[in-house]
Amino acid sequence: MANGGHAAESSPYVELERAAWARLASSGDDALDAVEIERVRGLGDQLDLDEVEQVYLPLSRLLSLYVGAAGALHRRQEEFLHRTQPPRTPFVIGLAGSVAVGKSTTARVLQHMLAHWPEHPQVALVTTDGFLLPNAELERRGLLQRKGFPESYDRKALLRFVVDIKSGREEVDAPTYDHLTYDVVPDRKVAVRRPDIVIVEGLNVLQPAAVRSDGRTGLAVSDFFDFSVFVDAATSDIRRWYVERFLRLRETAFRDPASYFAKYAALSEAEARAEAERIWDAINGPNLRENVLPTRSRATLVLRKDADHSVRYVRLRKL
Ligand SMILES: Nc1ncnc2c1ncn2[C@@H]1O[C@H](COP(=O)(O)OP(=O)(O)O)[C@@H](O)[C@H]1O
Ligand SMILES: CC(C)(COP(=O)(O)O)[C@@H](O)C(=O)NCCC(=O)O
């Protein structure tokens, strides 16, 4: 049910069907021109023009509202504390969802659209895969078949990273991951130098804090998010997108001899499909069910996609 009656009153969310959400795009004067929209589309290989205009433009407008309000609150709090207005910390957006649901595509589109605002904010994008434990360490811990599960990350380092950003540190380094070699890259870091906005994208970014051995609950990265987005779709669709992407990579990246998956380039299409389905059913599917989906209700906003990646409805927390 979208937006009406008793159910709406008993829910902490507002749900907007696509058409109602899309109408919010036309009410401003910040629409991207045709050239800009083409540039944004180029970021996602199959991103639809309507999708950019009808879904991501209203989302970028809503985010601009939140960033502006956070700035105003920051100023009021500094006045209240009788402090001489130290600069505000970056506005942090968490972006969560399954493997292959379209997180990277959504993150890149948002990064570009937010940077296009008249104030031209600096928008940094960090993916949590850089915080995965190295393959050698995963192997030592018997976790190579659990890549992407919460325990496969250096969660302390990821938390430290977000805490450092929200502490206002001038420069914070993030480690990086290489999908080609399927491993973290020890000596390649990206420096995050006090941008206006940081997007933190990853499977598990909305996980609540773990309960420690002494029974205490620590902090989680999501405790430092100013806004969060969960990209959602039916599991059967996501599984299909995963397999399709795997088959496309077989035609391209897997052909590189340096690729961890080079061995798959020689497989027939049927064999490659079976291998992709095996990886999904053994790793990414269970991780979605056990760890990712249970965090959906923690997001500020949920983008629910249809089988063709078009967003069918948007669910937003009430204020
Ligand atoms: N909005 C979209 N429209 C069309 N295709 C999309 C869209 N978002 C993602 N895809 C496709 O779905 C697949 C998974 O997207 P990706 O962004 O790589 O997912 P993730 O980062 O969640 O693993 C890719 O093949 C991508 O091209
Ligand atoms: C690297 C990933 C864990 C995603 O990490 P994220 O940036 O979401 O933290 C995932 O893309 C992955 O490689 N999963 C392992 C199973 C597979 O090969 O699909």
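Which residue in β9 is the bridge partner of Leu-16? I began my notebook with that. The model I have open is a predicted one.

**Entry 1**

I looked up Leu-16 and found Val-314 as its bridge partner in β9. I then checked the two strands as a pair. β1 and β9 (residues 311-317) run antiparallel and are joined by five bridges.

**Entry 1: the whole sheet**

I followed the strands across. Seven of them form an open sheet, and I wrote down the order β1-β9-β8-β7-β2-β6-β3. The pairing in this sheet is mixed. I noted that β1 (13-17) and β3 (123-127) are the edge strands. Each has a single partner strand, so one side of each has no neighbour in the sheet. On average, neighbouring strands are turned by 20° against each other, direction ignored.

Next I asked which helix packs here. α5 packs on the sheet and touches β2 (91-97), β3, β6 (197-201) and β7 (227-232). The direction of α5 makes about 175° with that of β6.

**Entry 2: a hairpin**

I turned to β4 (residues 172-178) and β5 (residues 183-192). They pair in the antiparallel sense over seven bridges. As one example I took Ala-174, whose bridge partner in β5 is Val-190. β4 and β5 form a hairpin, with four residues between them. In the turn I picked out Tyr-182, which has a positive phi of about 65°.

**Entry 3: around ligand 1**

I counted 17 residues around ligand 1. Gly-102, Lys-103, Ser-104, Thr-105 and His-309 come nearest. Two elements give two or more residues to this shell: α5 (103-115) and α8 (235-251). α5 gives the most, with three residues. By class, I listed five nonpolar, seven polar and five charged residues for the shell.

**Entry 4: α8 against α10**

I checked how these two helices pack. Their angle is about 135°, and their axes are 9 Å apart. Angles over 145 would count as roughly antiparallel. α8 and α10 are therefore oblique to each other. α8 passes α10 in a right-handed crossing. On the α8 side, the contact includes Tyr-242, Val-243, Phe-246 and Leu-247. On the α10 side, it includes Ala-272, Ala-276, Trp-280 and Leu-288. I noted eight nonpolar, three polar and five charged residues in this contact.

**Entry 5: α4 against α5**

My last pair was helix α4 (residues 49-80) with α5. They pack at about 60°, with their axes 10 Å apart. α4 and α5 are therefore oblique to each other. α4 passes α5 in a right-handed crossing. From α4, Val-52, Tyr-56, Ser-60 and Leu-63 make the contact. They meet Val-109, Leu-110, Met-113 and Leu-114 in α5.

Definitions and conventions
Residues are numbered from 1 along each chain as its sequence is written. Chains are lettered from A and ligands numbered from 1 in the order in which they are written. This is a predicted model: local features need pLDDT of at least 70, side-chain atom pairs count only at pLDDT 80 or more; totals for chains, interfaces and linings use all residues. A residue is near a molecule or strand if its C-beta atom, placed from the backbone, lies within 6 Å of it. Ala, Val, Leu, Ile, Met, Phe, Trp, Tyr, Cys and Pro count as nonpolar, Asp, Glu, Lys and Arg as charged, and the others, Gly among them, as polar. Two strands pair if DSSP finds at least two bridges between them. Axes are lines fitted to C-alpha atoms, for helices over the stretch in contact, and angles run from 0 to 180 degrees between N-to-C directions. Two residues are in contact if their C-beta atoms, placed from the backbone, lie within 7 Å. Angles under 35 degrees count as roughly parallel, over 145 as roughly antiparallel, 65 to 115 as roughly perpendicular and the rest as oblique. A crossing is left-handed if the near helix is turned anticlockwise from the far one by less than a right angle, and right-handed if clockwise.
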